[in-house]
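Open the model in your viewer and keep the sequence panel beside it. We will go from stop to stop, selecting a few residues each time.

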Amino acid sequence: NTIRAGEKFICRVEGHSMEPTLLPEDILVAECCDGVSLHDGDLVVMRNSLPASQAGVEAPIVHRLLGKRLAHEKDGFILRTRGDNLLLCDETTWTQDHCAGKVTCLLRRTATGYQSVLMHARMNRWHASLGRFEERLYLNLRSLKRRLIGSRAPALSCLIVRTVHGLTRKAHMRLHYMTAHSSRAKRGCR
(Lines give C-alpha, C1' and ligand atoms only; values in the text may rest on other atoms or scores of the structure.)
Protein backbone atom coordinates (compact mmCIF):
# COMPACT_ATOMS: atom_id res chain seq x y z
CA ASN A 1 0.00 0.00 0.00
CA THR A 2 1.15 3.51 -0.76
CA ILE A 3 1.01 6.01 2.09
CA ARG A 4 0.86 9.68 1.15
CA ALA A 5 2.50 12.55 3.03
CA GLY A 6 0.54 13.53 6.12
CA GLU A 7 -1.21 10.18 6.49
CA LYS A 8 -0.70 8.28 9.74
CA PHE A 9 0.23 4.65 10.27
CA ILE A 10 1.08 2.48 13.27
CA CYS A 11 3.87 0.05 14.06
CA ARG A 12 4.85 -2.00 17.10
CA VAL A 13 8.27 -1.93 18.78
CA GLU A 14 10.01 -5.31 18.87
CA GLY A 15 13.67 -4.64 19.68
CA HIS A 16 15.71 -3.11 22.50
CA SER A 17 17.86 -0.61 20.56
CA MET A 18 15.71 2.40 21.57
CA GLU A 19 15.33 1.61 25.29
CA PRO A 20 14.45 3.40 27.56
CA THR A 21 12.58 5.72 25.18
CA LEU A 22 10.80 2.88 23.41
CA LEU A 23 10.10 -0.47 25.00
CA PRO A 24 9.11 -3.76 23.35
CA GLU A 25 5.35 -3.93 22.76
CA ASP A 26 5.00 -0.11 22.58
CA ILE A 27 2.71 1.04 19.77
CA LEU A 28 3.97 3.95 17.66
CA VAL A 29 1.78 6.34 15.71
CA ALA A 30 3.82 7.78 12.85
CA GLU A 31 3.10 10.35 10.19
CA CYS A 32 4.33 9.76 6.67
CA CYS A 33 6.85 12.41 5.61
CA ASP A 34 9.83 12.84 3.37
CA GLY A 35 13.40 13.23 4.62
CA VAL A 36 13.36 16.99 3.99
CA SER A 37 10.84 17.73 6.78
CA LEU A 38 12.78 15.81 9.44
CA HIS A 39 14.62 17.57 12.28
CA ASP A 40 17.43 16.42 14.58
CA GLY A 41 16.04 14.29 17.37
CA ASP A 42 12.97 13.03 15.51
CA LEU A 43 12.22 9.33 15.87
CA VAL A 44 12.33 8.15 12.27
CA VAL A 45 10.67 5.04 10.84
CA MET A 46 13.02 3.67 8.16
CA ARG A 47 12.13 1.10 5.52
CA ASN A 48 14.51 -1.79 6.01
CA SER A 49 16.51 -2.33 2.82
CA LEU A 50 18.18 -5.56 3.95
CA PRO A 51 17.16 -8.70 2.09
CA ALA A 52 14.73 -10.84 4.09
CA SER A 53 17.42 -13.52 4.49
CA GLN A 54 19.65 -11.09 6.44
CA ALA A 55 17.05 -9.28 8.50
CA GLY A 56 14.70 -12.21 9.09
CA VAL A 57 11.72 -10.06 8.12
CA GLU A 58 11.52 -6.71 6.46
CA ALA A 59 10.37 -4.90 9.58
CA PRO A 60 10.83 -1.13 9.71
CA ILE A 61 13.60 0.26 11.90
CA VAL A 62 12.86 3.13 14.31
CA HIS A 63 15.88 5.15 15.45
CA ARG A 64 16.61 8.74 16.42
CA LEU A 65 17.81 11.18 13.74
CA LEU A 66 21.11 12.74 14.79
CA GLY A 67 21.72 14.69 11.62
CA LYS A 68 21.26 14.87 7.88
CA ARG A 69 23.42 16.16 5.08
CA LEU A 70 22.88 16.80 1.42
CA ALA A 71 24.56 14.06 -0.65
CA HIS A 72 23.91 15.27 -4.20
CA GLU A 73 21.20 17.46 -5.66
CA LYS A 74 19.45 14.50 -7.27
CA ASP A 75 20.06 12.01 -4.42
CA GLY A 76 18.71 14.19 -1.62
CA PHE A 77 19.69 13.81 2.03
CA ILE A 78 21.69 11.14 3.84
CA LEU A 79 20.27 10.53 7.32
CA ARG A 80 22.47 9.71 10.33
CA THR A 81 20.53 7.68 12.90
CA ARG A 82 21.22 5.89 16.18
CA GLY A 83 19.30 3.86 18.73
CA ASP A 84 19.19 5.47 22.20
CA ASN A 85 20.55 2.25 23.71
CA LEU A 86 23.49 1.99 21.27
CA LEU A 87 26.93 3.57 21.53
CA LEU A 88 27.52 4.23 17.83
CA CYS A 89 25.47 5.47 14.90
CA ASP A 90 23.93 2.99 12.49
CA GLU A 91 26.34 1.58 9.91
CA THR A 92 23.57 1.54 7.31
CA THR A 93 23.55 4.54 4.99
CA TRP A 94 19.98 5.77 5.04
CA THR A 95 18.73 8.13 2.36
CA GLN A 96 15.55 10.16 2.45
CA ASP A 97 13.99 7.49 0.21
CA HIS A 98 14.26 5.01 3.12
CA CYS A 99 12.21 7.31 5.36
CA ALA A 100 8.66 6.03 5.88
CA GLY A 101 7.75 8.69 8.45
CA LYS A 102 8.37 10.15 11.88
CA VAL A 103 6.86 9.11 15.19
CA THR A 104 4.33 11.58 16.54
CA CYS A 105 2.88 9.60 19.44
CA LEU A 106 3.75 6.62 21.59
CA LEU A 107 1.21 4.28 23.17
CA ARG A 108 2.61 2.40 26.17
CA ARG A 109 0.79 -0.47 27.87
CA THR A 110 0.12 0.13 31.55
CA ALA A 111 -1.79 -1.89 34.14
CA THR A 112 -5.01 -0.07 33.23
CA GLY A 113 -4.64 0.02 29.43
CA TYR A 114 -2.57 2.22 27.15
CA GLN A 115 -1.10 5.64 27.99
CA SER A 116 -0.38 8.02 25.12
CA VAL A 117 2.69 10.24 25.02
CA LEU A 118 3.26 12.92 22.39
CA MET A 119 6.76 13.42 21.01
CA HIS A 120 8.06 16.95 21.76
CA ALA A 121 10.54 18.62 19.41
CA ARG A 122 12.62 20.15 22.24
CA MET A 123 12.97 16.85 24.12
CA ASN A 124 13.86 15.09 20.87
CA ARG A 125 16.63 17.62 20.17
CA TRP A 126 18.01 17.07 23.70
CA HIS A 127 18.01 13.31 23.12
CA ALA A 128 19.89 13.85 19.84
CA SER A 129 22.49 16.11 21.49
CA LEU A 130 22.99 13.56 24.24
CA GLY A 131 23.44 10.81 21.66
CA ARG A 132 26.02 12.80 19.67
CA PHE A 133 27.94 13.59 22.89
CA GLU A 134 27.95 9.94 23.97
CA GLU A 135 29.17 8.76 20.57
CA ARG A 136 32.00 11.34 20.42
CA LEU A 137 33.10 10.47 23.96
CA TYR A 138 33.08 6.75 23.16
CA LEU A 139 35.12 7.26 19.97
CA ASN A 140 37.67 9.45 21.78
CA LEU A 141 38.04 6.93 24.61
CA ARG A 142 38.40 4.11 22.09
CA SER A 143 41.26 5.94 20.32
CA LEU A 144 42.87 6.68 23.71
CA LYS A 145 42.61 2.99 24.58
CA ARG A 146 44.45 2.05 21.38
CA ARG A 147 47.30 4.44 22.18
CA LEU A 148 47.74 3.15 25.72
CA ILE A 149 47.64 -0.61 25.09
CA GLY A 150 49.87 -2.50 27.49
CA SER A 151 49.04 -0.47 30.56
CA ARG A 152 45.99 -0.48 32.83
CA ALA A 153 44.43 2.31 30.79
CA PRO A 154 42.37 -0.02 28.53
CA ALA A 155 40.53 -1.48 31.51
CA LEU A 156 40.05 2.02 32.92
CA SER A 157 38.73 3.38 29.60
CA CYS A 158 36.28 0.43 29.33
CA LEU A 159 35.06 1.24 32.83
CA ILE A 160 34.70 4.91 31.87
CA VAL A 161 32.77 4.03 28.70
CA ARG A 162 30.38 1.78 30.65
CA THR A 163 29.91 4.49 33.29
CA VAL A 164 29.25 7.19 30.68
CA HIS A 165 26.81 4.91 28.84
CA GLY A 166 24.99 4.28 32.12
CA LEU A 167 24.83 8.00 32.93
CA THR A 168 23.59 8.98 29.47
CA ARG A 169 21.04 6.19 29.62
CA LYS A 170 19.79 7.65 32.91
CA ALA A 171 19.63 11.07 31.24
CA HIS A 172 17.58 9.57 28.37
CA MET A 173 15.25 8.03 30.96
CA ARG A 174 14.91 11.38 32.76
CA LEU A 175 14.11 13.17 29.48
CA HIS A 176 11.55 10.50 28.63
CA TYR A 177 9.98 10.86 32.11
CA MET A 178 9.80 14.63 31.66
CA THR A 179 8.14 14.16 28.25
CA ALA A 180 5.62 11.64 29.55
CA HIS A 181 4.60 13.78 32.51
CA SER A 182 4.37 17.17 30.85
CA SER A 183 0.92 18.72 30.59
CA ARG A 184 1.11 18.70 26.79
CA ALA A 185 1.71 14.94 26.72
CA LYS A 186 -1.53 14.23 28.56
CA ARG A 187 -3.59 15.51 25.62
CA GLY A 188 -3.04 12.21 23.82
CA CYS A 189 -2.53 11.37 20.17
CA ARG A 190 -4.12 13.49 17.49
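**Stop 1: charged pairs**

The structure holds seven salt bridges, a salt bridge being a side-chain nitrogen of Lys or Arg within 4 Å of a carboxyl oxygen of Asp or Glu. Before you select anything, note that this is a predicted model, in which local features need pLDDT of at least 70 and side-chain atom pairs count only at pLDDT 80 or more, while totals for chains, interfaces and linings use all residues. Residues are numbered from 1 along each chain as its sequence is written, and side-chain values use heavy atoms, with hydrogens and water left out.

Start with Arg12 and Glu14. They form a salt bridge whose closest N and O atoms are 3.5 Å apart. Arg12 is partly exposed, with a relative accessible area of 42%, whereas Glu14 is exposed, at 55%. Here buried means under 20% relative accessible area, exposed means over 50%, and partly exposed is in between (1.4 Å probe, protein chains only).

Helices (H or I, at least four residues) and strands (E, at least two) are DSSP runs, numbered from the N terminus.

Next, select Arg64 and Asp84. Their side chains meet in a salt bridge at 2.9 Å, N to O. Arg64 lies in strand β4 (residues 61–72) and Asp84 in the loop between β5 (76–82) and β6 (94–95), so the pair ties together parts that are 20 residues apart in sequence. Are these two residues buried or exposed? Both Arg64 and Asp84 are buried.

**Stop 2: the loop between β1 and β2**

Stay with Glu25 and look at its backbone. Phi of Glu25 is near 80°, a positive value in a residue other than glycine. Glu25 is partly exposed, with a relative accessible area of 43%. Then move to Pro20, which is found in the loop between β1 and β2. The peptide bond from Glu19 to Pro20 is cis, with omega near 5°.

**Stop 3: the nonpolar cores**

Select Leu22, Leu28, Leu43, Val45, Val62 and Val103. Of the 16 residues in the largest nonpolar core, these touch the most other members. A nonpolar core is a set of buried Ala, Val, Leu, Ile, Met, Phe, Trp, Tyr and Cys residues joined through side-chain atoms within 4.5 Å. The strands β1 (8–12), β2 (27–31), β3 (43–46) and β7 (99–110) each supply at least two residues of this core. Which strand gives the most to this core? That is β7, with three residues.

Apart from this core lies another, of eight residues, among them Cys33, Met46, Trp94 and Cys99.

**Stop 4: a charge over a ring**

Finish with Lys68 and Phe77. Lys68 lies over the face of Phe77, at 4.8 Å from the ring centre. A charge sits over a ring if NZ of Lys or CZ of Arg is within 6 Å of the ring centre and within 35 degrees of the ring normal.
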